[in-house]
Structures are given as C-alpha cells and as structure tokens.
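Reader: I am new to reading protein models, and I would like to go through this one slowly. Could you take my questions in turn?

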Amino acid sequence: MIKDRLESDPNLLQCHVTGEISNFKHHSSGHMYFTLKDEQSRIRAVMFAGRNRRLRFRPEDGMRVICAGNVSVFDRDGQVQLYIEDMQPDGIGALYVQFEQLRNKLQAEGLFAASRKRPLPAYPTRIGVVTSPTGAVIRDICTTLQRRFPLADVILAPAAVQGAGAAETIVRGLQRLWRLEHPVDVIIVGRGGGSLEELWPFNEEVVARAIARSPIPVVSAVGHETDVTICDFVADVRAATPTAAAELVAPHHQDIQYQLTQALARSYGAVANRVQTAQKLLRTLEERPVLQAPKRMIDRERQSVDYIESRLREALVRPVRAARRQYAEVERRLLRVDLQRRMDTAKHQTSALHDRVKQSMRRNIERYGAQLDRQIGVLEAMNPLSVLRRGYSVVYDEVTDEIISSTAQLSPGQRIRIRVADGTVSANVNDDGGTYARGEQTRLDI
C-alpha cells in the first residue's frame, strides 16, 4: 500500500533531491548504490548502469550532487529508495568535474612532466596541422606561415573539432601525419575559441593519450589564450592561439635574414682578420735573413754540417784507437813474463819440499817406533805371566779364592789351587812341615 501511494504521488514520480554522497559503491554489474544525506535526513539511492553510463564525471564519497528521479520502495527490504535517472554535481558542472578528474589522472601518470617535453625544430620544412579544413584556423596558420616562413609546406590532416566523434577524428588526423612517407617536422593541433562543450574533444582522454605518444613534437593551439584544455598539458608546447602556434613553429624570414646578415658580417670579419694575420706573418717571414739571402744561410748550414760530421768521425775513431793501444800494452807485458822459467822454479821448489816432508816423516816414524818398543818391554816385564813362565806360581785358597802368601795361611786338609804358567792344579795340604826362619823355603806335603 505504501509503495502504491508513493508511486501514485506525482510529486514523487519526478523529483529532484540534493545531498552529499556517502557509502558509494559501483557494483560489478554497473549499478551505483549510495546514500544521499544532509544535516537532518538521508535516503538510499540507486542509479542503474543504463543511466549512469552517460555521466561525465565519476561520483565519489563526499561529493554534493543534484539528483533527478523518483521515489519508490525496494520490495525485498521494504526500504524507501530514490531511483536516480540523472545526476549533476552541485555547485560546479559535470564537465568541470570530469576535466579535473582526467587532469589529475594523467598528471599522476606523468604525462605532463617537463622531462617529456621535446624542443621544436628550428627550421621546419614540413608542418602538419590537425584541424577543421573549413575553419578559420587553417587559414590563419597558412597566412602566418606564408608571411613568416614561406619555405615550409603545410600538410593538413582534416578533423572535426567539435561535436560527437570529434575526438576520434583528431586521433586519426594525428595518425595520418605519423604515417606520411615524408614525415612532418612538427604538428599543430588546434581550433578557434568556443564554449567548454565545444572545446571538449580536446579534453578527451583518447586525444590526450594520442598526443602523448606522438613521435613528432606537437603544439596545442586550442581556443583563445584564456582557454585551457587537457591537450595543452600533454603537448610539447602550448600556444595561446593558432596564429601564435604558427609563429612558434616557424621563424620569421626577416629574423633569419638578419641572422644570416650578422653571420655573414662575422664571417667577413673573421676572414679579414685571418688575411691580416697572414699578411703580417708573410711580412715577418720576408724580413728574415734566410729568405733575403738563402744561399748564404745554406752555405753556413752546410759548413756546420761538415764540422759536425768531422766531430762525429773523430768521436767514432777515438775509442778504437784507445782500445788498440790498450791491447798493445797488454801484449807487451805478457811477452815480458817468462812463464816457463817460473814453472820450472815452482817444480823444483815443490820437489825439495816433498823430500823434506818425506825425511821428516821417516824420522818421526823411527822415533815413535823406538818409544813403542821401550813401552812394550816395560809392559812385558810387568806381565805376571812372564814371572810364571820363569818358574814361579801363585797359590789360591780354593774356597775363599784368596792368594796364599804365607804358610800361616795353610792348614792340613785345606784345599788349594796352584796357578802356573800353562794352567792350574788343585791340591790338599797334608802337613805344613813346620815354621822356618825368614827367607827359608817351607816344605809342603801336598
């Protein structure tokens, strides 16, 4: 019943609502959902894809807009909604919003950077113009170029400069100039003044991107001096008017003539200075003695050459002579030395020394041999075996192995061992035979 009442109310079937966008959502289906609100109220709003496709700007949160549509109820949620058919920014136009959004977008991509700007050729011979073939712009450009620089050829790429589809024709005009067999040196894209809507093709993104990728420098000449388009930011150079663009791309022939005159004057001056310098040098050379009396100078130099040659020869011969003198002196000294006599003397001295050494060695051998014989005799006399061989013997106690040197050390039945020169024998003492006076032999009964 509420829905019927809302949809039957003529004031709600076609109404305008002003508010601020919040909770904006652009669904993948293309529909836009958001809330319109002000300080005291709010309402849900929807703008279907078939409607929002014609918008010249992109809605966003916080943007104030004026919406035209009708109010109804969404059956599923029972929610009252505003179904929007058209929407415009509140306070500023949609084109302005679109302009600002595109400018910010391209600027963020760096298409306006100063580093991308290319210088214009100084003396272009072929100038391309993208504009309407029937407008005043092409006539102004041709007139200006004919007046300033008649040597340049103007190649027109016709394009629509306003209305639907104009942007695409401008892009095709640029592409046609890029593909020329004899390429142009610079391109002017322009049109006369007009309203923002009439100049709008030059604010289209497709035109801006075509200018940005142009391999040839582009001059933007759209509208009057106060008109600003996206093309002005993207182009290499912006001209206030199409006539100003023609003046920018081509020098004035009078300026060139003046520059040539100045250059010719500088060339004449430079040549004159060179001639004067050469003449001065020539006079200086003419005054030199070598040119005034060349034979005398040649004779003098020839004499110097002869003197140098003599000194060189002398310098080469002097070491040879000195070497020969040294060689003769050495040879003479060698002849004075009797080498054979010295060798004989040395041999005789060597032989005498040999004999003295032999005699000394023989005397030493004899002396040391006699000393050795005497030592052997002393040792032989001290040898106990020698005493035994003269008939003496040594008696040992067989038990204690002590030498028996006295009969007092003997007793009957004692075992003794007698050492003689060629061996030992064992014996028993039977009778000591008594004690004898000193120096007498003791008889033992063994």
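Reader: Which residue forms a salt bridge with Arg118?

Author: This is a predicted model, in which local features need pLDDT of at least 70 and side-chain atom pairs count only at pLDDT 80 or more, while totals for chains, interfaces and linings use all residues. Residues are numbered from 1 along each chain as its sequence is written, and side-chain values use heavy atoms, with hydrogens and water left out. A salt bridge is a side-chain nitrogen of Lys or Arg within 4 Å of a carboxyl oxygen of Asp or Glu. For Arg118 the closest N and O atoms are 3.0 Å apart, and the partner is Asp236.

Reader: How many residues apart in sequence are the parts that this pair ties together?

Author: Arg118 lies in the loop between helix H4 (94–108) and strand E6 (126–131), and Asp236 in the loop between helix H8 (230–234) and strand E10 (237–238). Helices (H or I, at least four residues) and strands (E, at least two) are DSSP runs, numbered from the N terminus. The pair therefore ties together parts whose separation in sequence is 118 residues.

Reader: What is the arrangement of the axes of H6 and H7?

Author: The axes, lines fitted to C-alpha atoms over the stretch in contact, with angles from 0 to 180 degrees between N-to-C directions, come within 8 Å and cross at roughly 15° for H6 (residues 166–178) and H7 (residues 205–212). Angles under 35 degrees count as roughly parallel, over 145 as roughly antiparallel, 65 to 115 as roughly perpendicular and the rest as oblique. H6 and H7 are therefore roughly parallel.
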